[in-house]
Amino acid sequence: MTAVSKSEGYDETGDDENNTYAKWSPSASFEIDIRNPNLFGKFVVDQEFYVDFTLAD
């Protein structure tokens, strides 16, 4: 999985939900090894997800 941004670029305002992220973190990737058979096929190419990092105690 990789961070989402427009491939055609942004106008001078940069107003776009995905660019709110990409403006300050222009590159990102996330890798997960799914071994649970119940999750096979749940992630489909071109789907977009929000990722929330919550501090674990």
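How many salt bridges does the count come to? The count comes to 1 salt bridge, a term for a side-chain nitrogen of Lys or Arg within 4 Å of a carboxyl oxygen of Asp or Glu.

Before you click around: this is a predicted model, where local features need pLDDT of at least 70 and side-chain atom pairs count only at pLDDT 80 or more, while totals for chains, interfaces and linings use all residues. Residues are numbered from 1 along each chain as its sequence is written, and side-chain values use heavy atoms, with hydrogens and water left out.

**Stop one.** Select Arg 35 and Asp 33. Their side chains meet in that salt bridge, 2.8 Å from N to O. Both residues are exposed (over 50% relative accessible area; buried is under 20%, partly exposed in between, with a 1.4 Å probe and protein chains only).

**Stop two.** Now pick Ile 32, in the segment after α1 (17-22); helices are DSSP runs of H or I with at least four residues, numbered from the N terminus. Ile 32 counts as partly exposed because its relative accessibility is 48%.

**Stop four.** Phe 43 is partly exposed at 41% relative accessibility, and Phe 49 is partly exposed at 46%.

Terms used. Helices (H or I, at least four residues) and strands (E, at least two) are DSSP runs, numbered from the N terminus.
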